Structure formats: C-alpha cells, structure tokens
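Hi,

Here is the structure I said I would pass on. Have a look at it first, then read my notes below.

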Amino acid sequence: MKRQKKQAGGNKYHAKKIVRDGQTFDSIKEYRRWRILQDKVEAGTITELQRQVKFVLVPTQREPDRIGPRGGKKPGFVIEKELAYIADFTYKDETGALIVEDVKGYRNTKGGAYGTFVIKRKLMLYFHGVRIKEV
C-alpha cells in the first residue's frame, strides 16, 4: 500500500482553505458553519458573532526588567512565548452567555493537532471558565 505524502503547504487532513465573502476559511465545513451562525444573527437568536478570537492561556514569560545604561527601563528577554487558543467562532446566545466554537472535521485521539486542541480546551475551561463547543 502506497502512503500519500503531504504536499508542501497543504493540510494533512486534506481540508482546503476557501475564500468566501472576502474572508478566508480553513475548510468548507467552517464556512458552512459561519453561514449558519450569520443566519442566527439575522434571526436575532445570537449576537456579537466573531471569527478567529484569541484567548491567552499562558502569558509571555520574561526575565526581570532591567535598567538601561541611560536609566530607562528595558523589558527582560523573553523566556517563553505566550500560549494562546484561537477560537473559530464566538458569540452570545439568547441568555447572553459567551459561546466558543471550534469546527472539527477530524478527531485523532492519539495526539497530534487534536491532542494539542484537547490540552487548550482544558486550559480554556480552567483559566477562562469557558467550555469549547466542538462542531
């Protein structure tokens, strides 16, 4: 059996980025979900619909600030960059509760990209009190 190679710049799950309504979506499934959510906004069942919203899970870690040769304060060197989760969609439901959605086309429970997502999902719940809804 011949193994398929991942093409440079391609998605390992074969999802194709598409451009619709002047925006780039990671997959057709994500775009379809966007259209459904826009219909809900128009119907008045959800509000404040946004795409690609960043949530900082762990902030940037730096060495202590230093005083420069002219007396100015200089920020310390970065030891670790921030860890962030970027939600596909956020909106408020009828009750005003924040809903965070992530469109998933493939779930591999053995790790990889989905394993990273699971860790970020747990950190979102712990630090922000938000449960991510997988669609």
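What covers the buried residues of α2? The cover includes strands β3, β8, β9 and β10. The buried residues themselves are Y114, F117, V118, K120 and M124. Just after α2 comes G129, with a positive phi of about 65 degrees. One thing to keep in mind while you read: this is a predicted model.

Now step back to the whole chain. It has 2 helices and 10 strands. If you take the contacts with a separation of 6 or more, 50% come from residues 24 or more positions apart. The accessible surface is about 10,200 Å², with 52% of that belonging to carbon and sulfur atoms.

On to the other helix, α1, which covers residues 28-43. Its 16 residues should span 22 Å at 1.5 Å a residue, and the end C-alpha atoms are 23 Å apart, which agrees. Which residues of α1 are buried? They are E30, Y31, R33, W34 and L37. Looking down the helix axis, you would see these buried residues of α1 within an arc of 160 degrees, so they line one face of the helix. The face of α1 turned away from the buried side carries the exposed residues R32, E42 and A43. Among the elements that cover the buried residues of α1 are β1 (18-20), β2 (23-25) and β3 (47-58), and also β8 (83-92), β9 (98-102) and β10 (132-134). After α1 comes G44, and its phi is positive too, near 85 degrees.

The one to find in strand β9 is E101. Is E101 buried or exposed? It is buried, because its relative accessible area is 0%. The side chain of E101 makes a polar contact of 2.6 Å with the side chain of R33, and R33 is one of the buried residues of α1. Leaving out neighbours within four places in sequence, E101 is in contact with residues including R33, L37, Y85, F89 and I132.

The other is R51, in strand β3. R51 also counts as buried, because its relative accessibility is 17% and the cut-off is under 20%. Its side chain is joined to that of Q23 by a polar contact of 2.9 Å. The side chain of R51 also reaches the backbone oxygen of T24, again at 2.9 Å. Not counting residues up to four places away in sequence, R51 touches residues including E30, W34 and F89.

Last, go to the loop between β4 (61-62) and β5 (66-67), where you will find P64. With 68% relative accessibility, P64 counts as exposed. P64 and F77 are 13 residues apart in sequence, and their C-alpha atoms are 8.0 Å apart in space.

Cheers

How values were computed:
Residues are numbered from 1 along each chain as its sequence is written. This is a predicted model: local features need pLDDT of at least 70, side-chain atom pairs count only at pLDDT 80 or more; totals for chains, interfaces and linings use all residues. Side-chain values use heavy atoms; hydrogens and water are left out. Helices (H or I, at least four residues) and strands (E, at least two) are DSSP runs, numbered from the N terminus. Contact means heavy atoms within 4.5 Å. Accessible areas come from the Shrake-Rupley method with a 1.4 Å probe; for residues, only the protein chains shown count as cover. The expected span of a helix is 1.5 Å times one less than its number of residues. Buried means under 20% relative accessible area, exposed over 50%, partly exposed in between (1.4 Å probe, protein chains only). The arc is that of the directions from the helix axis to the C-beta atoms. A polar contact is a pair of N or O atoms within 3.5 Å; within protein, one must be able to donate a hydrogen and the other to accept it, and residues adjacent in sequence count only if both atoms are side-chain atoms.
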